[in-house]
Amino acid sequence: MEQWEADDARRRHMARFGRRDTAPELALRRELHRRGRRFFIDRQVSRRCRVRPDLVFPRARIAVFVDGCFWHLCEEHTHLPKANAELWRRKLLANRQRDARNQAILTAEGWRVLRSWEHDDPAAVADLVEDELDRWAAIVGRPEGRGRE
Ligand SMILES: [Zn+2]
C-alpha cells in the first residue's frame, strides 16, 4: 500500500466500486437483457490499450462504460478523503486522463463510446444504448444486439 492508504470507510467504498460487477453495472445489464439485448461484458476491444469496456456490442462497435463515482471523479459524489486529499486528487485526475486517452483510442478505431455514471438511472442509460444500437441498425439495415452475437 502507498502512503496515502485510505481510511477504513474509504477502503469499504473502494471495495464496493473499484471492481467489476458493481451493482450499477449489473442493473444496466439486467435492464438491457430484459429488453432482449445481448452483449459481451468485460472484454478487451483494442490492441492499443488494455481497457475493457463494461458492455461491448462488437458488430455495432459500441462500447459502454459504467464509471464509478469515486474512481472516475464524479463531481457530484466524490468526496476526497481528508487525509492526503491532494494525493487522492492527483490519483483520481490521472484516472480521468487515462479514461480520456482510452476513449480517444477506441474512437479512432471506430468505436462509439458511451459513458455513464454509477449514479445514473439504469433505464435511462439503457435507452441511450438502444438509441445507438437503433442508429447503427438503421445505417446497416439489420438489427444488432438482438439474440446472440
Ligand atoms: Zn456520482
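## Overall make-up

Among contacts in the protein chain between residues at least 6 apart in sequence, 62% join residues at least 24 apart; contact means heavy atoms within 4.5 Å. This is a predicted model, in which local features need pLDDT of at least 70 and side-chain atom pairs count only at pLDDT 80 or more, while totals for chains, interfaces and linings use all residues. Residues are numbered from 1 along each chain as its sequence is written, and side-chain values use heavy atoms, with hydrogens and water left out.

The protein chain has four helices and four strands. Helices (H or I, at least four residues) and strands (E, at least two) are DSSP runs, numbered from the N terminus. Read from the N terminus on, the elements follow the order α-α-β-β-β-α-β-α. Of the 149 residues, 42% count as buried, where buried means under 20% relative accessible area, exposed over 50% and partly exposed in between, with a 1.4 Å probe and protein chains only.

## The sheet

The four strands form an open sheet in the order E1-E2-E3-E4, with mixed pairing. Two strands pair if DSSP finds at least two bridges between them. Strand E1 (40-41) and strand E4 (112-117) are the edge strands, and each pairs on one side only.

On the E4 side, strand E3 (residues 62-67) runs parallel to E4, and six bridges join the two. Val 66 stands opposite Ser 116 in E4, and Asp 67 stands opposite Trp 117 in E4.

E3 is mostly covered, with six of its six residues buried. Ile 62, Val 64 and Val 66 point one way from the strand, and Ala 63, Phe 65 and Asp 67 point the other way.

## Helices on the sheet

Helix H3 (residues 85-108) packs on the sheet and touches E3 and E4; its direction makes about 150° with that of E4. Such angles run from 0 to 180 degrees between N-to-C directions, and the axes are lines fitted to C-alpha atoms, for helices over the stretch in contact. Helix H4 (residues 122-140) lies across strand E2 (55-57), E3 and E4, running at about 170° to E4.

The chain crosses from E3 through H3 to E4 in a β-α-β crossover that is right-handed. A crossover is right-handed if, with the strands pointing away from the viewer, the path from the first strand over the helix to the second runs clockwise.

## Leu 106 in helix H3

Leu 106 lies in helix H3 and is buried, with a relative accessible area of 0%. Leaving aside neighbours within four places in sequence, Leu 106 is in contact with Val 45, Ser 46, Cys 49, Val 51, Pro 53, Ala 63, Phe 65, Trp 111 and Val 113. Leu 106 and Ile 62 are 44 residues apart in sequence and 9.7 Å apart in space, C-alpha to C-alpha.

## The zinc site

The zinc ion is coordinated by Cys 69 (SG), Cys 74 (SG), His 77 (ND1) and His 119 (ND1), at 2.0 to 2.4 Å. Donors are N, O and S atoms within 2.8 Å of the metal (3.2 Å for Na, K and Ca); water is not among the atoms, so sites may look incomplete. In sequence, the donor residues are spaced C-x4-C-x2-H-x41-H.

The arrangement is tetrahedral because the four donor atoms subtend angles of 101 to 120° around the zinc ion; four donors count as tetrahedral if all angles lie between 85 and 135 degrees. Cys 69 is buried, with a relative accessible area of 5%, and Cys 74 is buried as well, at 2%.

## The loop between E3 and H3

Most residues other than glycine have a negative phi. Leu 73, in the loop between E3 and H3, has a positive phi of about 65° although it is not a glycine. Leu 73 is buried, with a relative accessible area of 11%.

Asn 84 is also found in the loop between E3 and H3. Asn 84 is not a glycine either, yet has a positive phi of about 60°. Asn 84 is partly exposed, with a relative accessible area of 29%.

Methods
Four donors count as tetrahedral if all angles lie between 85 and 135 degrees; four count as square planar and six as octahedral if opposite donors are over 155 degrees apart and all others between 65 and 115; anything else is irregular.
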